[in-house]
Amino acid sequence: MSASESPIASPAPGWAKRFPRDEKLFVVLVLVSVAVMTAFSVGWLFWGSQNVPTRAEIVDQKAYAAQVNEFAKRYRADDGKVWVPPGTDAYMLAFRFGWTPELVLQEDTKYTIWISSADVLHGFSIVGQNLNLQIAPKHGFGATITPTESGRYRIICNEYCGLDHQKMTSFLTVVPASEMAATQETIAAGGSDTSGGGAAAGAIEISADESNALRFNVTELSAEAGTVTISMANPSALPHNVAIKGNGVDEKGEIVGSGGTSTVSADLAAGTYTFYCSVPGHEQGGMTGTLTVT
Ligand code: CUA
């Protein structure tokens, strides 16, 4: 080390102007690589087939949620999944913290999947596939995809959206045409769907909060021992269900979107139970109450 480079001695006069040849070469190489990379990131908009064609539209949140519910009711099979016939657009809703409904698509068939958010910004991503969409509230994003291989694909959220962000997963299933056709027949034969149709006979009727707050319209319920049924209407834009737990009981109704009805039944002995919404985060957010059985 020469004296002029000592950390305690002052540097030689003119040190700041030193700009040796290799350093110049380095700067030139950096500039060239930046230029090439920039050209590629623009060029990739046009080259290759890695960009999933997407469309975006402004949507009314509540109307969209109702549309998802209608769509799900129409094509829901006995397995609870929604089997999308070829030629039909699919609709999904992202919410804290989940995706609804769970879709089944047919292999080698072009689909447009519309997704919107019921609350905050989420990220739609299929693990292992090159598909990442930002899902914002009040906007519907349509991705046109052609699944080429049967299988079960995991959907995750890749945008931090709250404390249970990492629990925000679901699945997308792709099946051969024969399986899709067979299931469509059973769905058609099943006639009008049983779920989300309205309150069950003799049920205690409650409702989720209309203004999307995480609460029911009641916090206290009472019933006589025996079979207790609670039907919850969901007028909000968020997906909810009604569930009962306590004293060894753990029963959950179906998660329904806007306009749907979730029903849960349980054989209850006298005691104190909790009724709540089992969508992650909703019970903690206040969607809970006490059910007293006498
Ligand atoms: Cu939704 Cu993270």
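Buried here means under 20% relative accessible area, exposed means over 50%, and partly exposed is whatever falls in between (1.4 Å probe, protein chains only). The model is predicted, so local features need pLDDT of at least 70 and side-chain atom pairs count only at pLDDT 80 or more, while totals for chains, interfaces and linings use all residues. Residues are numbered from 1 along each chain as its sequence is written, and side-chain values use heavy atoms, with hydrogens and water left out.

**View 1. Ser-170 is a buried residue in strand E11.**
Ser-170 sits in E11, which covers residues 169–175. Helices (H or I, at least four residues) and strands (E, at least two) are DSSP runs, numbered from the N terminus. With a relative accessibility of 9%, Ser-170 counts as buried. Leaving aside residues up to four places away in sequence, Ser-170 touches Trp-99, Glu-102, Tyr-153, Arg-154 and Ile-155; a contact means heavy atoms within 4.5 Å.

**View 2. Strand E11 belongs to an open, mixed sheet of six strands.**
The strand order reads E2-E5-E11-E10-E7-E8. Two strands pair if DSSP finds at least two bridges between them. E2 (82–83) and E8 (132–135) stand at the edges with a single partner strand each, so one side of each has no neighbour in the sheet. E7 (residues 122–126) runs antiparallel to E8, and four bridges join them. To find your bearings in this pair, look for His-122, whose bridge partner in E8 is Ile-135.

Phe-97 is in the loop between E3 (90–95) and E4 (98–100). Another cis bond runs from Thr-100 to Pro-101, where omega is near -10 degrees. Pro-101 has its place in the loop between E4 and E5 (103–106).

Lys-138 isn't a glycine, yet its phi is positive at about 70 degrees. The loop in question lies between E8 and E9 (139–145).

**View 3. Strands E15 and E16 make a hairpin with Asn-247 in the turn.**
E15 (residues 243–246) and E16 (residues 249–252) pair in the antiparallel sense over four bridges. Ala-243 has Lys-252 as its bridge partner in E16. Two residues separate the strands of the hairpin. Asn-247, in the loop between E15 and E16, has a positive phi of about 50 degrees although it is not a glycine. At 55% relative accessibility, Asn-247 counts as exposed.

The C-alpha atoms fill a box of roughly 95 × 55 × 35 Å along the principal axes. Of the 294 residues, 41% count as buried. Among contacts with a separation of 6 or more, 64% come from residues 24 or more positions apart.
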